[in-house]
Amino acid sequence: GLEPDRSAAQAVVDAMNLPAALNRLVRYGAIGLIAAVIHAAVLLSLGSWLPLSLANPIGFLTASIAGYLGHALVTFREETGGRRFARRWLLLQYAVNISVCSLLPLLNAPTMVLVFTPTALNALIWNRAARGALHQRQRLGRPAIHADDLGLAPGVDTAILDLATAGRLTSASLLVDGATAESAAAAWRCLPKAQPLVLHLCLTEGPQPQHCADLPAGFGALLLSSLLPAKRRALRTQVVQSIQAQIHRFQQLTGQHQIQLDGHQHIHLVPLVLDVVLEQPEIVWVRTTAEPLPQGLPLKLWIKALRDGGLLKWLVLQPLTWLAQRRLKAAGIGTNQRFAGVLFTGKMAGAALDAAERSLGDGDLLLAHPAAAVNPDQLEQHQFHRSAAFFSSPWRQHEWEALRARAQRG
């Protein structure tokens, strides 16, 4: 009973050992045959109760979808990296084939032309799609991987430093008022290829300077204050004091005089806060969150993004980023091009992480929050109440493991 399985397996091995062009031809033919069988099966099943003029296009569409997926995932996997072609190629292939198959009989074309013209056109279309996919992959490259909250707690530092040592983490943000900020900054400086740390501006929790009675304040409260002139004036002095204190502390811990900045819970994009950030001469780069919606996500992840509030957060931050990018450009301050890490905040692992990486390239930034186990009571003691629940989640370890696995794969 095992002999047929051995023969089939050997046939696959033999096909994989063929010269590249012949190997590609075998794969192309196999997918074409599967698509033809699907077309025939759908046509036979629908032909008994639908007119042939309707059943045939439906069967052909089903076969086209099978070819679209099969050629991307199997035939041209070297070019696509195992990802689907852009959907426009499916639409183009279907439109071209329907048009040609309708036109050729009217021209009394020979049988050989009727049979092989669509085949040749399909080969050209999928080859062009594969070249386009390869060009896109080469253009995009790989995004930088960034971790927030270094210095918050020992467990956070452990994960971030581990990933940085493994070469999978590009950069990190230092929370200067975190419990372990001093030791974390020192450990980061000892890394063999350490990039400059980024100041993780925090106004929504944690200790604040004296005479800042209205801080910390939530993201919503600061955003609302940005829109109300009286509240804006009342808070501005406190925001200035807090930001300048954190800049001074950051310079003490890192020795860096030119500062790159982002914000805890993206608070730096709130107009009131951004106003003050732009006034600080030390700031040379600010993170923005222009996050493209990822493609190829399962429906359940879209539902999760809606249920967990990631989609709402994304909707709030996109216009704030649009405004911030224009102001940063006018001020001569650098920023990243694109970003991922809002839509699935705190759950950047598995399919969500894969989709985010696919949507980004060189010059872009992917945000994660990896951590080992963290004692939430310690965070509460240091006034990081919002972070206590976030870092108690097992997702912190899931993110660490997911990024560590990518490090092992190089």
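I started with the strands and found an open sheet of 7 of them, in the order E5-E4-E3-E2-E1-E7-E6, with parallel pairing. Strand E5 (283–286) and strand E6 (339–340) stand at the edges with a single partner strand each, so one side of each has no neighbour in the sheet. Helices (H or I, at least four residues) and strands (E, at least two) are DSSP runs, numbered from the N terminus.

**Ground rules.** This is a predicted model, where local features need pLDDT of at least 70 and side-chain atom pairs count only at pLDDT 80 or more, while totals for chains, interfaces and linings use all residues. Residues are numbered from 1 along each chain as its sequence is written, and side-chain values use heavy atoms, with hydrogens and water left out.

**Strand E4.** I looked up how E4 is held. Strand E3 (residues 198–201) pairs with strand E4 (residues 259–263) in the parallel sense, over 4 bridges. Leucine 199 stands opposite leucine 261 in E4, and leucine 201 stands opposite glycine 263 in E4. E4 and E5 also run parallel, joined by 3 bridges. Here leucine 261 has valine 286 in E5 as its bridge partner. How many of the 5 residues of E4 are buried? I got 4, so E4 is largely enclosed by the rest of the structure. (Buried means under 20% relative accessible area, exposed over 50%, partly exposed in between, with a 1.4 Å probe and protein chains only.)

**Around H8.** Then I checked the loop between H8 and E3, which is the place of lysine 193. Lysine 193 counts as exposed because its relative accessibility is 77%. I also compared lysine 193 with tryptophan 322: they are 129 residues apart in sequence and 33 Å apart in space, C-alpha to C-alpha.

**Salt bridges.** The structure holds 14 salt bridges.

- Glutamate 79 forms one with arginine 24, with the closest N and O atoms 3.3 Å apart. This pair links distant parts of the chain, since glutamate 79 is in helix H4 (residues 77–80) and arginine 24 in helix H2 (residues 20–47), 55 residues apart. Glutamate 79 is buried, because its relative accessible area is 16%.
- Aspartate 275 and arginine 232 meet at 2.1 Å, N to O. That pair links distant parts too: aspartate 275 sits in helix H11 (residues 271–278) and arginine 232 in helix H10 (residues 229–254), 43 residues apart. Buried or partly exposed? Aspartate 275 counts as buried at 14% relative accessibility, whereas arginine 232 counts as partly exposed at 24%.
- Arginine 307 bridges to aspartate 308, the closest N and O atoms being 3.3 Å apart. Arginine 307 is exposed at 59% relative accessibility, and aspartate 308 is partly exposed at 39%.

I also noted a network: salt bridges that share partners join Arg168, Asp354, Glu357 and Arg406.

**Rings.** Next came the aromatic pairs, and the structure holds 6. Why is the pair of phenylalanine 76 and phenylalanine 85 called tilted? The ring centres are 6.5 Å apart and the planes are at 55°, so the pair gets that label. (Rings of Phe, Tyr and Trp, with its six-membered ring, pair if their centres lie within 6.5 Å; planes under 30 degrees apart count as stacked, over 60 as edge-to-face and the rest as tilted.) Both phenylalanine 76 and phenylalanine 85 are buried. Ring pairs link Tyr68, Phe76, Phe85 and Trp126 into a cluster.

Most residues other than glycine have a negative phi, and most peptide bonds are trans, so I went looking for exceptions. Leucine 215 and proline 216 are joined by a cis peptide bond, with omega about 0°. Proline 216 is in the loop between E3 and helix H9 (219–227). Aspartate 149, in strand E1, has a positive phi near 80°. Aspartate 149 is buried, with a relative accessible area of 2%. Histidine 211 has a positive phi near 70° and lies in the loop between E3 and H9. Histidine 211 is exposed, at 66% relative accessible area.

Technical notes. Salt bridge = Lys/Arg side-chain N within 4 Å of Asp/Glu carboxyl O. Pairing = 2+ DSSP bridges.
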